[in-house]
Amino acid sequence: MACGAAREGKSDSAALELLPSAPRKMNESKTGGSQNPTCVFCRKNDDCPIKYGEKKTNEKWNLTVHYYCLLMSSGIWQRGKEEEGVYGFLIEDIRKEVTRASKLKCCICKKTGASIGCVTPRCKRSYHFPCGLQRECIFQFTGNFASFCWNHRPVQIITSNNYRDSLPCTICLEFIEPIPTYSILRSPCCKNAWFHRDCLQVQAINAGVFFFRCTICNNSDIFQKEMLRMGIHIPEKDASWELEENAYQELLQHYEHCDVRRCRCKEGRDYNVPDSKWEIKRCQCCGSRGTHLACSSLQSWEQNWECLECRGILYNSGDFQKAKKHTLPNTNVGITDCLLEESSPKLPRQSPGAQREDLLRQGSKFRRDISTLIIELGFQIKKKAKRLFINKANIWNSALDGFRNQNFNPSYTIEVAYVNENDHFGKEQPGSKQEFLSLLMQQLENSPLFEGSLSKNLSLNSQALKENLYYEAGKMLAISLVHGGPSPGFFSKTLFNCLVYGPESTRPILDDVSDFDVAQIIIRINTAATVADLNSLINEYYNYLELIGCLRLITSLSDKYMLAKDILVYHVIKRVQAPFESFKQGLKTLGVLEKIQTYPEAFCNIFCHKPENLSTKILSDLFTVHTLSDVQALGFWNSYLQAVEDGKSTVTMEDILIFATGCSSIPPAGFKPTPSIECLHMDFPVGNKCNNCLALPITSTYKEFQENMDFAIKNTLRLEKEENSHFIGH
């Protein structure tokens, strides 16, 4: 079997030309004239790349082989480079293998030349490749390139067959009997997906290793592993449709036409100048209508804008009000702006009902609610639980140890147990997962991995880079979001845009520079009044500019803007390229980055903006009330919330939420379980963060109620803060 393993290294790269339409090199074509040379192994002259692989002739040595016949032969391996011999198999080795095979008789056609043998111990069957296909042998194009005869071939086993009727092949859609046989295969990841073997093989050759996946769930790893086991050849090449030049050119064309009825642009409706008021903004729902920013009173390109039909549909369906709550800031587009549009030439005339359904379907991708998106990500979480032992005095390192543990799986349900390193008895207390994630995000925000005051960018920390902490930070953030943690809320727009659109498409601003000295250099360059002043500044900062690769020849005063831009791009983006790529890889955990890139507007709110301030109404609606609760205590509770909001208490709304749940804000996906209130005969309130339950004291007067609430909440949070800061202080 060692020979098969050696063949694996380079052999599949030759499969780039498996398709019949693939171009052939001069020395790979068939011999001229009426001759149709036969394969030296199977002695057939068939030229069928799908079944036998490419037929290749070496004219110098007058030798012709089928790719699969050569690849599956038992006594040969690839000893040469790809360009040597035939696919890297040396001519002398091929001749030796032909000689060896000439002594073996095919157990199917009874002719000599059977170069392939069943790998099962004690099985003596040998056969030609085409004969093996005809007799339904299985050839595995992976690992040791094993071959199995019809008696020993691998089979798919299903525990029970509940399918009474025929099911369609999910590729050709012809109905088949859902019973696994040689010619009928079942998907390992989707139990109701069945295929013809021939359909799978054609699909694999066209899709290649990068795009061959389950047609139902898009799984590639499990699916490909099973298909290789069952003898499907998956060539190591790009998909055939990706190799076609300019195949998707029309998809790169953006709609650039102002459809507002009264276009204000003197240059016409098709005039489009980026980064100006005459830049065309497309409808964020359908993308098939547009407006100049100035024609719809848009202050910036980042503002949302919907065309007349989409705005009307969203408004009438009730989704408009829901979406409005989660749009980006400074969205001032009113419905009157949309009434100025003319009909789009790209939209066919439809009935009102059909048009409503069609546009809602088109716009759903862009107007998804953030809580829905995170709940969808949460579907990956399995019931199997993994317990994390967390030291509250050292949240960061505890989380790092837990997430790096080889038995930790991000898709497992997280259970938290709080431990105290000073407790020699090793006691552990059940902890709140959402409290732990909230504390972890606070640690992340204040860590040296980020720089800036409110809106933060990645920093350059060589030690953190060496310890792979940027990757871990991205992983932590992804896990926190999917498992119900809080909104990050501290990203700069620049960092967020780099994640969504790529660093090359992002323009940093001066506020992104946290280094005072660098900011002063940029300001001085931008405010230079003459070319002489500009050259003087370049001389003053010559060593710095040379170090960062931003030296440039100054020919006019306007060059200062390009110089300032170069410094800005270097400091904010290029300087932290390595941390950014590492952080980005971590954020791919559980598919979070892909989701962010698909719905950037929804995620921008929770990444770049702090949650809205809590109010009496929000907290009152958040907590459900247990039945048989004391009516007077509930009245005191509502009065207390109003007093806190009015500033008549020593605690804040956030303090109350932390006391009851461990979180200072409502997570994007909400609390689980839902926060609740109960009234008990006791002097002080009790917060159960594991169950998100707040127990209110039953008192005779409101004054006593408020004093007891203030005392318990304020002192409990103070003690917890002192505990958590003890480690940091040391």
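Where is the place of arginine 262? Arginine 262 sits in the loop between helix H8 (240–243) and strand S11 (280–282). Helices here are DSSP runs of type H or I with at least four residues, strands are E runs of at least two, and both are numbered from the N terminus. With a relative accessibility of 64%, arginine 262 counts as exposed. Arginine 262 and cysteine 295 are 33 residues apart in sequence, and their C-alpha atoms are 7.6 Å apart in space.

The structure is a predicted model, in which local features need pLDDT of at least 70 and side-chain atom pairs count only at pLDDT 80 or more, while totals for chains, interfaces and linings use all residues. Residues are numbered from 1 along each chain as its sequence is written, and side-chain values use heavy atoms, with hydrogens and water left out.

## Overall composition

The protein has 29 helices and 21 strands. Of its 730 residues, 47% are buried. Among contacts between residues at least 6 apart in sequence, 63% join residues at least 24 apart; a contact means heavy atoms within 4.5 Å.

## The two pockets

Rolling a probe the size of a water molecule over the atoms shows where empty space is left. On a 1 Å grid over the protein atoms alone, a pocket is an open set of points where a 1.4 Å probe fits, with protein on both sides within 12 Å along at least five of seven lines, and lining residues have an atom within 4 Å of a point. Grid points are joined across faces, edges and corners, and a volume is the space filled by probe spheres set on the points. In the class counts, Ala, Val, Leu, Ile, Met, Phe, Trp, Tyr, Cys and Pro are nonpolar, Asp, Glu, Lys and Arg are charged, and the others, Gly among them, are polar.

| Pocket | Volume | Lining by class |
|---|---|---|
| Largest pocket | about 1,500 Å³ | 17 nonpolar, 16 polar and 12 charged residues |
| Second largest pocket | about 1,200 Å³ | 19 nonpolar, 16 polar and 11 charged residues |

The largest pocket is lined by 45 residues, and Lys281, Trp301, Glu302, Asn497 and Tyr501 lie nearest its centre. At least two lining residues come from each of strand S11 (280–282), helix H18 (493–501), helix H24 (592–598) and helix H25 (600–608).

The second largest pocket has a volume of about 1,200 Å³. Its lining comprises 46 residues, and those closest to its centre are Ser438, Leu439, Gln442, Gln443 and Asn446. Two or more residues are given by each of helix H14 (395–404), helix H15 (433–445), helix H16 (462–466), helix H28 (653–661) and helix H29 (702–729). Domain 2 (378–610) and domain 3 (616–726) each contribute at least three residues to this lining, the domain bounds coming from an automatic or database domain assignment.

In H18, 7 of the 9 residues are buried, namely Thr494, Leu495, Phe496, Asn497, Cys498, Leu499 and Val500. The elements covering them include strand S16 (450–451), strand S17 (457–458), helix H22 (559–572), helix H23 (577–587), H24 and H25. Glycine 502 follows H18 and has a positive phi, near 100°.

H14 is largely enclosed by the rest of the structure, because 7 of its 10 residues are buried. These are Ile395, Trp396, Ser398, Ala399, Leu400, Gly402 and Phe403. Their cover includes strand S13 (382–391), H15 and helix H17 (469–482).

Cysteine 690 occupies the loop between strand S20 (686–688) and strand S21 (693–697) and is partly exposed, with a relative accessible area of 35%. Leaving aside residues up to four places away in sequence, cysteine 690 touches Pro430, Gly431, Ser432 and Pro673. Proline 673 belongs to the loop between H28 and strand S19 (676–680), and the peptide bond from lysine 672 to proline 673 is cis, with omega near 0°.

Glutamate 136 has a positive phi, near 65°, and is partly exposed at 33% relative accessibility. Phenylalanine 145 has a positive phi near 55°, but is buried, with a relative accessible area of 4%.

Methods:
Buried means under 20% relative accessible area, exposed over 50%, partly exposed in between (1.4 Å probe, protein chains only).
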